[in-house]
Amino acid sequence: MTRSFKSRLILLAWLLAACVSGVRASTAQAPDQPPANAPTRQPARFFAVPSPLTDAAVNGIVSSAQAFLRTMAERRIEPTLVFEFAPARTESNTELYLASRLADEISTSLAGAKRTIAYVPGSVSGYGVLPILACDEIVLGEGATLGPITPDGQAISPVAEVTIRSVAARKGRSVSLLNGMLDPSFNLREVRTGDGKVFFVPAAELEEFRRLNQVVSDAPAWNDGPPGVLTADRARNLSIASLVIDQRAKLISAYDLEADLAGPGSPGEIRPVVIAIEGPIDAVKLAYVKRRIGQSVAEKNENLLIFRINSEGGDIEAIDAITTAIAGLDPQKVKTVAFIADRAVGLAALIPLACDEIVIRDDALIGDVAQILGRDGKGEPLPLEKRLPIADRAAELAAQKNHPRILARAMVDPDLEVFAALDQRSGAVVYVTSGELAANAATLVSQGTIKPAGELLTLDSTRAKQYGLAARSAPSLDDWLQSQNLQSPRLDQPTWVDSLVTLLNSSWVTGLLLFVGLFMLILELKLPGVGLPAIISALCFMLFFWSHYLGGTADQLEILFFIAGLIGVLLEIFIFPGFGVFGVTGILLILSSIVMASHTFVWPTQEYEFRQLAWTIGRLTFTLFAVIVGAVILGRFLPSLPFFRHMILVPQQADIPGSAPIKPDLDPNGPLTFLLGERGVTTTVCRPTGKARFGEYLADVAAEGVYIEANTSVEVIDVRGSTVIIQKMPA
């Protein structure tokens with residue numbers, strides 16, 4: 001019986017356990033749980049807040065945020081709103097009524113968001129601090145500060161006081177501390193009590209506070225800095241700032257956000273365009289990118305520029321100009337995103353640093369700025385004298401766009417050793433050099449080496465996201481566009497005009513254009529009238545300068561030089577034959593214009609520029625040699641060709657019965673003054689140079705500023721060295 005009772009107890013216990021497990025299982029599968037396809041990351045959107053604020057900016061931010069909240073509400077999602085505040089400009093402060101209005105809108109009409117975050121990568125002062133304090137959470141950049149609120153020289157505004165009280169009540173912040181930021185002269189004390197809490201107490205209320213609380217310490221509130229100013233570290237210690245983060249990508253990672261791309265702080269829809277930057281980057285690619293940026297922003301009013309990058313570098317000056325053009329876009333009007341499609345290595349790694357956000361394709365690479373690409377597409381080591389300036393430029397771009405500066409430098413400087421370190425003051429992971437780690441050993445705890453000395457930093461998609469350089473990664477550009485709800489953006493790829501310009505700027509086509517242009521010019525001088533050779537020559541030079549103008553190497557100066565040189569040559573031929581000055585000057589101007597139009601610099605200053613100049617001069621010398629050889633062959637064989645024998649300028653027998661046979665030309669070094677006053681007949685067309693017969697002699701002549709047909713009676717009016725000047729006899 002005992003055993004039977006025990007068995008029953010065991011069976012009952014087993015049944016109870018099974019029931020409990022079943023209840024738990026059913027609870028885990030309750031219908032109020034998120035569906036399987038629910039987003040795993042918190043939907044969010046960034047909104048750029050300019051400095052100073054304007055009516056249009058406030059209207060645009062509020063209307064865009066409200067529209068986003070309505071869209072999310074239809075999907076029963078409470079998103080996060082992130083307001084990114086631009087650093088304050090000392091010469092232009094935000095108006096109080098605009099700051100108060102935006103602060104009120106954030107804390108009231110936008111309360112449907114799960115949270116509002118103020119991201120402040122740089123220092124903000126003046127009334128622009130008010131909407132920052134109105135957000136649920138504040139994230140500051142390293143070195144950022146908040147306050148003072150009242151601009152220098154202005155009285156404390158009652159409107160600002162009301163806004164401060166309202167913000168403090170809604171967001172649970174210390175009204176005394178905010179009043180101290182509003183009025184730096186406010187005598188504010190920082191008091192610590194026995195339970196470890198910190199209070200900010202006006203000096204006039206300190207005795208009453210001591211009577212009611214156990215005070216452990218009492219010190220001036222602004223003892224460690226300027227009155228009314230909160231540093232990032234202090235704001236973090238006082239729990240006013242949730243995080244201290246030096247780039248947007250880390251914020252997205254810290255809050256696990258799936259951030260949509262918001263418009264750049266202005267009302268209206270997002271108008272995206274994808275601009276392709278592929279292959280070696282030279283002056284031609286620079287001109288293409290600048291044209292596309294100008295057309296997208298100025299003509300098509302597109303406010304989201306997505307640069308699809310797949311390049312291993314190129315020319316230093318071209319890439320620097322591209323980064324300047326991208327970084328110089330107004331962030332309140334245009335947002336820029338770099339999508340690394342495969343490679344952004346070499347100097348091409350600087351281009352993503354100039355963009356507001358970096359997105360990298362899975363398995364793509366960025367970094368390794370070890371070389372430049374020459375004209376032949378082959379890599380050349382980065383000159384030592386250029387390494388540090390380029391590293392400084394990379395860090396400058398990263399700082400401007402809130403990317404990790406030390407990582408940007410590490411892509412260029414192999415001597416730099418980079419560590420990840422935990423900042424115990426802010427709780428953030430920062431990237432520092434070995435020297436910075438040693439100097440701040442009390443507050444920085446090493447988390448390992450990111451890049452050892454002697455190497456250049458190269459990041460794949462995983463490490464780029466981990467270190468905060470890339471905001472996110474995606475399998476492809478289309479996948480990323482779909483995740484951002486950017487359907488079918490305009491794809492701006494090179495057109496046939498861009499392809500033609502690239503072809504015409506290639507070395508062999510440029511040499512061919514110059515050869516044909518010069519050769520046809522010589523051929524035209526040997527043929528009467530303005531014919532096909534002149535048209536072909538003009539077309540070749542037009543294509544040469546047009547392609548180099550669109551390619552970014554030729555400008556108005558080079559074109560003016562060429563036109564001036566051509567005029568000088570024509571003056572020498574038709575107006576002042578034998579004078580020499582106009583001809584020599586014209587030829588020098590033409591050659592100079594061709595050399596200057598072949599590269600961006602006017603005079604070389606760097607080693608690689610001297611190499612480019614030597615290569616251009618060598619190509620031009622070879623072209624001129626080929627033209628001379630062609631002219632010799634032309635003069636020897638052209639008169640015997642059936643089609644040209646009646647067009648070439650050759651001596652002809654004068655149509656005079658019984659005339660003596662033609663004799664060789666006179667010795668050009670001999671005296672020809674005996675021909676003064678002589679009359680003869682032209683045997684060729686004179687334009688103005690040609691040949692004429694005077695009795696038994698056939699002489700080289702030049703018409704006096706006019707065109708003279710063959711078989712025309714002429715008279716010698718002057719002799720200049722070996723040139724005989726003639727004029728047409730009156731009828």
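Buried means under 20% relative accessible area, exposed over 50%, and partly exposed in between, with a 1.4 Å probe and protein chains only. Helices here are DSSP runs of H or I with at least four residues, strands are runs of E with at least two, and both are numbered from the N terminus.

Note on the model: it is predicted, so I keep local features to pLDDT of at least 70 and side-chain atom pairs to pLDDT 80 or more, while totals for chains, interfaces and linings use all residues. Residues are numbered from 1 along each chain as its sequence is written, and side-chain values use heavy atoms, with hydrogens and water left out.

Next I listed what F307 touches, with contact meaning heavy atoms within 4.5 Å. Leaving out residues up to four places away in sequence, I get I275, I277, I293, I326, T336, V337, A338, F339 and C355.

**Helix pairs**

I looked at α3 (residues 96-107) against α5 (residues 158-171): the angle is about 20 degrees and the axes are 11 Å apart. The axes are lines fitted to C-alpha atoms, for helices over the stretch in contact, and angles run from 0 to 180 degrees between N-to-C directions. So α3 and α5 are roughly parallel; the cut-offs are under 35 degrees for roughly parallel, over 145 for roughly antiparallel, 65 to 115 for roughly perpendicular, and oblique for the rest. I have their crossing down as left-handed, meaning the near helix is turned anticlockwise from the far one by less than a right angle (clockwise would be right-handed). On the α3 side the contact uses L96, S100, A103, D104 and S107, and on the α5 side V159, A160, T163, R170 and K171. By class I note four nonpolar, three polar and three charged residues in the contact of α3 with α5. Ala, Val, Leu, Ile, Met, Phe, Trp, Tyr, Cys and Pro count as nonpolar, Asp, Glu, Lys and Arg as charged, and the others, Gly among them, as polar.

Then α18 (residues 496-504) with α20 (residues 532-550): their axes come within 9 Å and cross at roughly 115 degrees. That makes α18 roughly perpendicular to α20. This crossing is left-handed too. V497, L500, V501 and L504 of α18 meet L543, W546, S547, H548 and L550 of α20. The contact of α18 with α20 splits into seven nonpolar, two polar and no charged residues.

I checked the prolines for cis bonds. S51 and P52 are joined by a cis peptide bond with omega about 0 degrees, and P52 sits in the loop between β1 (42-49) and α2 (55-74). G147 to P148 is cis as well, omega near -5 degrees; P148 is in the loop between β5 (145-146) and α5.

Which non-glycine residues did I note with positive phi? S239 has phi near 65 degrees and lies in the loop between α8 (232-237) and β10 (243-244). S239 is exposed, at 63% relative accessible area. N301 has phi near 55 degrees, in the loop between α10 (283-299) and β13 (304-311). N301 is partly exposed, at 46%.
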